[in-house]
Amino acid sequence: MDYVVSFLSIEFGLCFTLFFILYWSLCWSVRLQNLLLLTASYGLVASFSLQSLYILLGYSALVYLLGLLAGRYPGRWFSRVLLLTLVLGCFYLFKYQEFFVGGAQGALAAAGFEVSLPLLEVLVPIGLSFYTFHSVSYLVSINRRELAPAAPLDLALYLAFFPSLVAGPVNRALHMLPQIRPPAMRQVLEPQRALGLIAMAVVKLFFLSAWLGSEWVDPVFDTPGSASPEQVLLSVYGYSLLIYFNFSGYTNLVTGIALLLGFRLPDNFDAPYAAHNLKEFWGRWHISLSRFIRDYVYIPLGGNRKGVWRGNLNMLLAMLVSGLWHGASVNFIIWGALHGVGLAISKLFSQWFPGFARLPGCGLLARLMTFHYVAFAWIFFRSPTLDGALEMLGDIGQLSLAGLNSATGLMLLACVLFVASYPQWLVLLRQSGALFQRLPWQLYPIPLGVGVSLVIFASQSGVPGFIYASF
Amino acid sequence: MGAARGLYAIVVTTALLFWLNQDSIKLYCQQKYHQSCEIPLLGQMPAWRMGAQLTAMLEAQRDGLLEQLLPAPQLAEGPAVEVLPAPLPVVTVDLETPAAVAKPLPPVSTPAHVQPTPAPVHAPAPVVVAQPAPPASAPALLQPGTVASLAAGDDVFLVGDSLMQGVAPHLANSLRKRYQIRTVNLSKQSTGLAYPGFFNWPKTVADTLDHEPNVRLMVVFLGPNDPWDMPQGKGKPFLRFKSPEWEVAYRARIDSILEQARTHNVQVIWVGPPNMEKARLSTAMGYLSGLYQEQTALFGQHYVSANPILGYTDANFSYAVQTPQGKRVKVRVDDGIHFTITGQKMIAEQVLSLISFPGLTVTGH
């Protein structure tokens, strides 16, 4: 039962082809193109639920009014307070009500007070997590006098732009609004790379992440405790690869779609498991989000300008916010905290042993350690319950040499070797990608179509979901 | 000119994809839109069909290779299982009953005892005159209130769609932690009984029961993917949902699952789908539930509706329900079909409460 439009469905592909023809036949008028984009975006939201559309419309209107206010009185306190109220209010109402009310009721009950706090039954509107971030970028830029308030339809399109509406990337107003009002006629950007990105997405989503999910990950995470310690560790490696393939594949897909429509979305992934430390990891993983958190949470909190300990505390707070944004549960908060603490430790370590990374062999060691830290934090991210996550950690603690001497042990070794040789694979992949781009445009679609068919042929049936769409 | 080149590339790639994957696209289209999805004219041209033949050939090669590489998938677990021939509907079923699954009976031959009424929601059970056998493996030690029993070393088999996918982990966890009972969970989203070309549950059940001799209980939970017109074979018109012919074919598929359970001496708990947010779907679930209930009763197995578990007393749908402690909890997610974790756990607990575990001690948790 799937009423939800998926960007990788046959239906979407056919609709997009028609949309593409209509869109570029209007290339003489950016205004009409924008109107068409806005209609399509709203249509997509409405296909999820009409209520989501009404909320997006109401939200856009409020942001427009706040933008006018901020434009008239830039940088004034009330403008910032109203923005904070709007964003936090929306997040609370639509995403965190149950979590906070449940937590508060639990705490009061533990203290001996039985109370029933009010709880509004609302559905989470599609795209909320991302368009609220877009609105923050817009309003902060106006408050900083970097931007004049946009025309209502331009703003509406910036908030609702369909490729990045459901699961990002997070677009900055300063980057996106000029593309909505380009000085010259819009062009398809890098058509061959765009289609290559979409094909890459098919490989990552249909084949790699779907296979990892059903073979290595889901059986263990769904019923932790029923697997051997090696299988649990394999599922953790598997999930680390899966979430990368799933989310970066999704980003490839929407980046490709946006390029075909003449828009350039921000970079979101840059080989994250090649990172030597957590700071570098966050510079390579969901880049648009980590930069957003840095600029709009960490730096306003004071960043690292108020001493080492305060800086580390700010980092921890920023990561907690990031964790909570990913989901309203204790597990996500722990995940954020693990990254916050890990960042602080890795920072202290690099201050105490500044030359460590340049020692021979330490680069590889650093990469493997970073990968494992990130992988273990993912346990909390993926596990539906805290008990389940702890049970899995306990299981991994029982790893034995005898157990590793098995087929599963070999697969574990293969995973570690893959991560260890990741930079080499990356070079190979980039070279073959570049080679592929050099094919003449008349021939290009043939290897593309055959390649994608082979991938579909080798994968399980069904359209994969996008992990980030549920956040 | 970028746009024209882009369009050229999109069109050529799409055409190539459709050419090579036409058969699976057709199945997908049938399953989703409940029509035959033949492309007029082009669909029968030899040049067009060649793409499908190419893929079919590759698939046959792949399957042959896989079979060579993985000769016995069950090798890792216990003694080698004797592979039985594909089970035939042998037991005491009226021979006219369409027990064969892949090809439902042509409507002409449906005998007179089929109800001609178009929507027999709770009509008396037609078709099968199977003898109301006692539940498989007739457990002598059923505790009051339970309908099935499991002993040490027994396995539980979970069958269903995305509804079951949500409930299955909770069931499996509790069974393992409390009673050290293993589960075989094959639940798969978008599946049901209406589109065997897409996923064939009766066959999957037969294969699994053949290969898993320790399965003593099967829990089935499906329905929302089925209330549509369904294909009855190549080139034939679709059977209209709720038409007598549709009902005969659908009941036959329920029966063949129950038949497999009986052959393998497996107890069945069939969970009926609950009310849905969309009225049309919800009514259809009521209709399908009636069929599940009647057929399970005929086979002397157990049916339980998810409605009372979720606190729905009538045909109404609600996202949240009142617990006996007076707390309001959300049991359904925003799509109005699936369950929240709380809802999943409620259903899993209710199913568990129907099983007795004589001689098995509860271990913690």
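Reader: What is the mean pLDDT of chain A, and what share of its residues reach 70 or more?

Author: In this predicted model, chain A has a mean pLDDT of 88, with 94% of its residues at 70 or more. Among its helices, H6(A), residues 152–160, stands highest at a mean of 96, whereas H19(A), residues 445–458, is lowest at 83.

Reader: Which stretch at residues 462–471 or elsewhere in chain A has a pLDDT below 50?

Author: Residues 462–471 of chain A are below 50, although this stretch has 24 contacts in the model beyond near neighbours in sequence; residues 1–5 of chain A are also below 50, with 9 such contacts. Where pLDDT is low, the predicted coordinates should not be read in detail.

Reader: Why is H9(A) called roughly parallel to H17(A)?

Author: Helix H9 (residues 229–260) and helix H17 (residues 407–420) of chain A pack at an angle of about 30°, with axes 9 Å apart. Because angles under 35 degrees count as roughly parallel, that angle makes H9(A) roughly parallel to H17(A). Their crossing is left-handed, and the residues in contact include A:Leu233 and A:Tyr237 of H9(A) and A:Met411 and A:Cys415 of H17(A). By class, this contact comprises 6 nonpolar, 3 polar and 1 charged residues.

Reader: How many residues do chain B and chain A bring to their contact?

Author: Chain B brings 34 residues and chain A brings 35. On the side of chain B that touches chain A, helices H1 (2–33), H2 (46–69) and H3 (162–179) each supply at least two residues, and H1(B) gives the most, with 17. That side of chain B has 18 nonpolar, 12 polar and 4 charged residues.

Notes
Residues numbered from 1 in each chain as written. Chains lettered and ligands numbered in written order. Predicted model: local features only at pLDDT ≥ 70, side-chain atom pairs only at ≥ 80, totals over all residues. Contact = placed C-beta atoms within 7 Å. Helix = DSSP H or I, 4+ residues; strand = E, 2+ residues; numbered from the N terminus. Nonpolar A, V, L, I, M, F, W, Y, C, P; charged D, E, K, R; others polar. Axes fitted to C-alpha atoms, helices over the stretch in contact; angles between N-to-C directions. Parallel < 35°, antiparallel > 145°, perpendicular 65-115°, else oblique. Left-handed = near helix turned anticlockwise from the far one by under 90°. pLDDT = per-residue confidence, 0-100.
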